[in-house]
Amino acid sequence: MRTTIDAAGRIVVPKALRDAMGLTAGRVIDVVFTDGRIEIDLPPAEVTVAGDEGMPRLVPTDDLPALTDEQVRDTLESTRR
């Protein structure tokens, strides 16, 4: 997919790619230059471990976007294969 760089040096990420990665305005991303390629990745969520109810559970330190039904279904399907 081709895109452009504007006069301020910003790269336009096409809507199809933004949707596929779940990128929205204000979302924090990691950008690295590796082996001649620019890579965009979502940073791992920072979490703490809570165990006040017996079983430990991970609690995000920041608000995370809600998962959609489609994302949950896709994840379940991809792990069943």
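Author: The questions below take up salt bridges, a nonpolar patch and a hairpin in this predicted model.

Reader: How many salt bridges are found in the whole structure?

Author: The search covers the whole structure. One of the pairs is arginine 10 with aspartate 6. The count is 3.

Reader: Which residue meets arginine 10 in a salt bridge?

Author: Arginine 10 is exposed, at 54% relative accessible area. The N to O distance between the two side chains is 2.8 Å. The partner is aspartate 6.

Reader: How far apart are the closest N and O atoms of glutamate 77 and arginine 80?

Author: Both residues lie in helix H2, residues 69–80. They are 3 residues apart, about one turn of the helix. Glutamate 77 is partly exposed at 37%, while arginine 80 is exposed at 59%. Their salt bridge has its closest N and O atoms at a distance of 3.0 Å.

Reader: Which strands each supply at least two residues of the nonpolar patch?

Author: The patch is made by Ile5, Ile11, Ile29, Val31, Phe33, Ile38 and Ile40. It covers about 700 Å². Two strands, 30–34 and 37–41, each give at least two of its residues. They are E1 and E2.

Reader: Is isoleucine 40 buried, partly exposed or exposed?

Author: Isoleucine 40 is placed in strand E2. It is also one of the residues making the nonpolar patch. Its relative accessible area is 34%. Buried needs under 20% and exposed over 50%, so isoleucine 40 is partly exposed.

Reader: In what sense do E3 and E4 pair?

Author: Strand E3 spans residues 47–50 and strand E4 spans residues 57–60. They pair over 4 bridges. Alanine 50 has arginine 57 in E4 as its bridge partner. The sense of the pairing is antiparallel.

Reader: Which glycine in the turn of the hairpin has a positive phi?

Author: E3 and E4 form the hairpin. Between them lie 6 residues. The phi in question is about 100 degrees. The residue is glycine 54.

Methods. Residues are numbered from 1 along each chain as its sequence is written. This is a predicted model: local features need pLDDT of at least 70, side-chain atom pairs count only at pLDDT 80 or more; totals for chains, interfaces and linings use all residues. Side-chain values use heavy atoms; hydrogens and water are left out. Patches are made of residues with over 30% relative accessible area and no salt bridge: like charges are joined within 9 Å, nonpolar side chains (Val, Leu, Ile, Met, Phe, Trp, Tyr) within 5 Å. Accessible areas come from the Shrake-Rupley method with a 1.4 Å probe; for residues, only the protein chains shown count as cover. A salt bridge is a side-chain nitrogen of Lys or Arg within 4 Å of a carboxyl oxygen of Asp or Glu. Buried means under 20% relative accessible area, exposed over 50%, partly exposed in between (1.4 Å probe, protein chains only). Two strands pair if DSSP finds at least two bridges between them.
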